[in-house]
Amino acid sequence: MDNIENTEFPKIGWSAWHCKCPRCRKGDLFAGPIFSFTSKKMYDNCSHCNLHFEKEPGYFYVAMFISYAFVVAELITACVGTYIITGNDSSPWLYMGVALAVTLLLSPFNYRYSRVVLLYWMTPAFKFKPSYFLRSVNNREKSLTKTA
Ligand SMILES: [Zn+2]
């Protein structure tokens, strides 16, 4: 227990950006990197603290609404940016193309970070618990001393 005061824990922003488990901030939420064509898989449980990420059936449907807010913000930004850069206010095809490209390119980001926002900031039950962060470290140290 004396480790808790001396240990430097990962910050919430760093953990969220790196898609770590919200409770222990050690285990990964996703199996692969963000822009991967092979795997979009999200783990069911944390590999370190065994937290079950899907709190209840249909829990991740809420992430769909967060993703919707992300897309609206991205489209407004992209279309205003396109107008500022090109000055074009007559071609709908330019804006349709930009909107489609932005939506497709950022869909992996929206998928991932809508779930991260849901887990980190909209689920009070999934607060960071330093004991879970330390538990895996202590267990690893114990197993190392046993084998040595
Ligand atoms: Zn965890």
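Me: Where does the kink in helix 4 lie, and at about what angle?
Reply: In this predicted model, helix 4 bends by about 50 degrees at Leu106.

Me: Okay, which residues in helix 4 are buried?
Reply: Tyr113, Ser114, Arg115, Val116, Leu118 and Leu119 are buried there.

Me: What do the buried residues of helix 4 pack against?
Reply: Two partners: helix 2, which covers 12–17, and helix 3.

Me: Let's stay with helix 3 for a moment. At what angle do helix 3 and helix 4 pack?
Reply: Helix 3 (residues 61–86) meets helix 4 (residues 92–121) at about 145 degrees, and their axes are 8 Å apart.

Me: Is that crossing of helix 3 and helix 4 left-handed or right-handed?
Reply: The crossing is right-handed. As for the residues in that contact, 17 are nonpolar, six are polar and two are charged.

Me: Switching to the whole protein chain: how many helices and strands does it have?
Reply: Five helices and zero strands, so to speak an α-α-α-α-α run from the N terminus on.

Me: What share of the protein chain is buried?
Reply: Buried residues are 14% of the 148 in the protein chain.

Me: Last one: what share of the contacts with a separation of 6 or more is between residues 24 or more positions apart?
Reply: That share is 57% for the protein chain.

Definitions and conventions. Residues are numbered from 1 along each chain as its sequence is written. This is a predicted model: local features need pLDDT of at least 70, side-chain atom pairs count only at pLDDT 80 or more; totals for chains, interfaces and linings use all residues. Helices (H or I, at least four residues) and strands (E, at least two) are DSSP runs, numbered from the N terminus. A residue is buried if 20 or more other C-beta atoms lie within 10 Å of its own, exposed if 12 or fewer, and partly exposed in between; C-beta atoms are placed from the backbone. Two residues are in contact if their C-beta atoms, placed from the backbone, lie within 7 Å. Axes are lines fitted to C-alpha atoms, for helices over the stretch in contact, and angles run from 0 to 180 degrees between N-to-C directions. A crossing is left-handed if the near helix is turned anticlockwise from the far one by less than a right angle, and right-handed if clockwise. Ala, Val, Leu, Ile, Met, Phe, Trp, Tyr, Cys and Pro count as nonpolar, Asp, Glu, Lys and Arg as charged, and the others, Gly among them, as polar. The bend at a residue is the angle between axes fitted to the seven residues ending there and the seven starting there.
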